[in-house]
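Please consult the sequence and the structure while reading.

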Amino acid sequence: MSRQNRRLSRASRYGAYVDGPDPLAPPVDLSEALEAIGEDVMAGYSPDHALQEFLRRGGADQRGLDDLARRVAEKRRELMQKHNLDGTLAEVKELLDRAVLEERKQLARDVDLDDGDRALAELTLDNLPPSPAAAVSELSGYDWQSSQAREDYERIKDLLGRELLDQRFAGMKNALENATDADREAVNEMLDDLNGLLEKRQQGVDTQQDFDDFMAKHGEHFPENPSNLDELLDTMAQRSAAAQRMLNSMTPEQRQELMQMSAQAFGSPQLMEALDRLDGNLQSLRPGEDWGGSTPMDGEQGVGLGDGTGVFQDLADLDALAEQLAQSYRGSNLDDVDLDALSRQLGDEASVDLRTLKELEKALRDSGVVQRGTDGALRLTPKAMRQLGKALLRDVAESMSGRQGQRDTRHAGAAGERSGATREWAFGDTEPWDVTRTVTNAVVRTVGEGGTAASIARDGVRLQIGDVEVQETEDRTQACVALLVDTSFSMAMDGRWVPMKRTALALHTLISTRFRGDALELIAFGRHAESMQIEELTALDAQYAKGTNLHHALLLANRHFRKHPNAQPVLLIVTDGEPTSHLESSGEVFFSYPPHPVTIALSVRELEASMRLGAKTTFFRLGEDPGLARFIDQMARKVDGTVVAPELDDLGVAVVESYLGSRRGGTGGGAGFDGGFGGWPGRGFWAG
């Protein structure tokens, strides 16, 4: 068999991959992005805003839009502080001073020169105006005695012509250095033909053939190689507008000097007339360009007209990139960012960073983590909620195992009764194997690796660790869980909003994945209470209405318990304040602070109703308010409940442990709680 690629040719070369993300790099990791987006959503931001925030911040190993925007701003500031706009004027003055000096030397040493002519020449040089433009104009008819002085003076005219052309045609300054009269005549002819073509466009009578004929004749002046007149117009109008902005940015004195000297370009006003005509045509055909802007330059390095125009084009690029990277306008997206301009201004690495961000955003949408609803707004999908919940539950499990010397055994239940579900075996699992599923996995893998039915019948199959599945078990006793979370004003103000949501999501994930037979009701209570789906609770904005309606929340919890008479009721209450509102018989909400005795009495009555339904109650007290501590202690004693005062970081662990302990028939503390909050000194405590 021939192997054409067996040996590399001598022409093969290796180098950095700069055309996009490394094709050999691993796929983008969505877990960090999802966690950051989920945190912002739980803090009250919309998924749209949360996604944009992550793209702006970036990740641990990924630069975001803010970093790119900062580099854009730094380069813009560097350009403004580095350059000034008198480069051409300074170069003209230098050539003029050199020409005058050489002429004075020649006048002094030329013994054959008539004394009257010498005196007249010296008088002319002595009385030159201080303005370089006026001096250049006055010397236009001067009879130079020094050939070097005459050459320097002619270089001024040549320099002005090349600089003025370089403003409109990048690279023309160098291309026309040491140009002949024929070269200059060719440029004048090109300008006449170009103006004629543009004026045809204004009249609407130009054709593609006209453009093709023009490019065939003058194409060497246009390295961008445009394919039609519109592309040529865009390129030229952008540079011409940059030249105008440069002129606008000069001081009035600089501007006047330049305009006076422009007539001396190439020793004839013909060039300036053609360029003025060109600028007028471009402004008429592309009025949307920025022709009136200006940017002050106060650096030390002078730039000529052509290079300065390039600087102003760079500034325009940077201004556009800053707006594109800000993503602050309606309908903005990462596709708006000009990758070519970004690479040109900040380098290939910046372009790769942006491509990676675009790939990450696309992966988030394509993976089903976020989706756009019928109203156009982004939403976290159920898949995203499950992934977030698993991550939070994993954090809880690690905290529990790390502090109690346990590991996450991932049991679906506690009593060992088979649930009918299976899962892949993991190190430490002691559940029985599901032999049928295990052998089936091995057969499917063997066939996928090229095995056949005949080879399997002859040689059998060999099991690998990845083939093994074990049978899940679940507790015989079902639980009916009501998680009541305080959504009052104080929860948002005191930084407890996100930990509360994280706790609810972790518990929801635990029950929906490990204890599927349990019934969970999430109840949010502020001025009034309502049952919520987990997606509603995690997306809930901070509530600023005053009121803590525990009475209404307990009414909903008891209704949930009565719907499941054969399940073990578990009541978990997360709050940072005493009840300050209750539900009247009319359905109206009554609010009073300090708490009204009727509000307290109604709340206690519903709590006792929960106890009669068999609920095991745990209060999770947030904050250090002594009045709240006394009230909750008294409430817990009435119903033989438990009070936990965790720190915010431990709230999720405390709630999950309490739930697991209630399922196992404990007192709400969970396995491993021997009178202290998980035996964690200084991390919260048991009270009452």
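Q: What makes β9 and strand β10 (residues 519–525) a pair?
A: In this predicted model, 7 bridges in the parallel sense link β9 to β10. Two strands pair if at least two bridges are found between them, and therefore β9 and β10 are called paired. Within this pairing, Cys480 stands opposite Ala519 in β10.

Q: How do you know that β9 also pairs with strand β12 (residues 568–575)?
A: The two strands run parallel and are joined by 7 bridges; the definition asks for at least two. Here Leu483 is found opposite Leu572 in β12.

Q: Why is strand β9 (residues 479–486) called largely enclosed by the rest of the structure?
A: Buried means under 20% relative accessible area. Of the 8 residues of β9, 8 are buried, so the strand is largely enclosed. Both faces are covered: Ala479, Val481, Leu483 and Val485 are buried on one side, and Cys480, Ala482, Leu484 and Asp486 on the other.

Q: Why is the aromatic pair of Phe169 and Phe222 called edge-to-face?
A: The ring centres are 5.8 Å apart and the planes form an angle of 70°. Centres within 6.5 Å make a pair, and planes over 60 degrees apart count as edge-to-face, so the name applies to Phe169 and Phe222. Both residues are buried.

Q: What makes the aromatic pair of Phe214 and Phe222 tilted?
A: The angle between the planes is 55°, with 5.7 Å centre to centre. Stacked requires under 30 degrees and edge-to-face over 60, so the remaining term, tilted, applies. Both Phe214 and Phe222 are buried.

Methods:
Residues are numbered from 1 along each chain as its sequence is written. This is a predicted model: local features need pLDDT of at least 70, side-chain atom pairs count only at pLDDT 80 or more; totals for chains, interfaces and linings use all residues. Side-chain values use heavy atoms; hydrogens and water are left out. Buried means under 20% relative accessible area, exposed over 50%, partly exposed in between (1.4 Å probe, protein chains only). Helices (H or I, at least four residues) and strands (E, at least two) are DSSP runs, numbered from the N terminus. Rings of Phe, Tyr and Trp (its six-membered ring) pair if their centres lie within 6.5 Å; planes under 30 degrees apart count as stacked, over 60 as edge-to-face and the rest as tilted.
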